[in-house]
Amino acid sequence: MSDTPRRLWQPTRPLAHWGRAALRFVFPPSCPLCQADVENHADDSGCPPVSPLLCGRCLIDVSKPRGNRCQRCGLPVGPYVRSDHGCPKCESHKFRFQKVIRLGLYDDALRQACIRAKATTQFPLAAALANLLWLSEQFDLQTANVDVVAPVPCHWTRRMLRPHHAAETISRVLAGRLGKPLQRRLLRKKRLTSDQSDLPAAQRRLNLKDAFAVRSHPRSLAGKTVLLVDDILTTGTTANECTRTLLHAGAKQVFVAVIAVVP
Ligand SMILES: [Zn+2]
Ligand SMILES: [Zn+2]
């Protein structure tokens with residue numbers, strides 16, 4: 001009896017495989033970053049597929065050796081440094097989230113890819129970067145044992161001007177990989193704020209003070225662990241303010257997942 005589900009599944013698998021193969025023959029997959037044709041990737045053979053992915057050359061460009069990183073802020077630390085409670089760069093920050101799970105640092109090719117992934121037509125690139133994050137950090141993402149996945153929100157006026165919101169695309173991919181519900185409207189941004197990157201560090205928290213709110217009924221968040229998703233983490237102020245809002249609404253804890261952290 002134990003292998004019944006497998007027997008039921010097996011006959012459909014070749015059909016799914018040939019269906020995908022036929023689709024690839026008619027529409028050869030291309031790299032979302034350089035548009036080169038992408039060969040069937042080794043990690044793209046299972047079910048569900050992990051596409052879209054970058055081509056081998058772009059993959060090498062944006063991927064760096066994993067290296068030791070701070071367990072709290074995600075920045076690189078020396079090989080023997082213990083960072084369970086933070087590193088010298090983040091010890092003074094009152095981060096309320098548990099840790100930052102990230103693909104890489106916001107520099108060189110990954111920086112360029114993150115900038116491009118924000119453009120309206122570039123949602124396949126944002127999805128490809130999310131898939132890379134999943135392939136690289138699957139262990140941390142799974143052991144966080146989250147109940148729900150939610151993107152850092154943008155104000156509705158920005159959504160009108162730019163319908164593609166990279167954080168939302170990334171959170172959709174991660175929710176699918178984790179098999180957890182995506183609540184893309186869990187948080188909302190109540191007011192339009194100045195661009196954080198234009199402000200000195202001291203003013204960033206003031207700029208975002210009470211800028212976020214939870215949409216759902218607070219009881220639906222009670223005791224839940226949330227995976228909060230964004231594309232880039234700069235000083236952590238935005239993620240921290242969103243976390244504060246989620247905890248205030250009853251969430252038990254918040255993990256942050258981003259493509260890149262600014263060194
Ligand atoms: Zn490429
Ligand atoms: Zn740190």
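This is a predicted model: local features need pLDDT of at least 70, side-chain atom pairs count only at pLDDT 80 or more; totals for chains, interfaces and linings use all residues.

Residues are numbered from 1 along each chain as its sequence is written, while chains are lettered from A and ligands numbered from 1 in the order in which they are written.

**Exercise 1.** Find the strands that pair with strand β7.

*Solution.* Start with the terms: strands (E, at least two residues) and helices (H or I, at least four) are DSSP runs numbered from the N terminus, and two strands pair if DSSP finds at least two bridges between them. Next, locate β7 at residues 253-261. Strand β1 (residues 100-105) runs parallel to β7 and is joined to it by five bridges; here glycine 104 has alanine 260 as its bridge partner. Strand β5 (residues 225-229) is also parallel to β7, again with five bridges, and threonine 225 stands opposite glutamine 253. Finally, β6 (residues 232-233) is parallel to β7 through two bridges, with isoleucine 232 opposite alanine 260.

**Exercise 2.** Is aspartate 108 buried or exposed?

*Solution.* First, take the cut-offs: with C-beta atoms placed from the backbone, a residue is buried if 20 or more other C-beta atoms lie within 10 Å of its own, exposed if 12 or fewer, and partly exposed in between. Then find aspartate 108 in helix α4 (residues 108-117). Aspartate 108 counts as exposed because it has 12 C-beta neighbours inside 10 Å. For contrast, look back at β7, where eight of the nine residues are buried.
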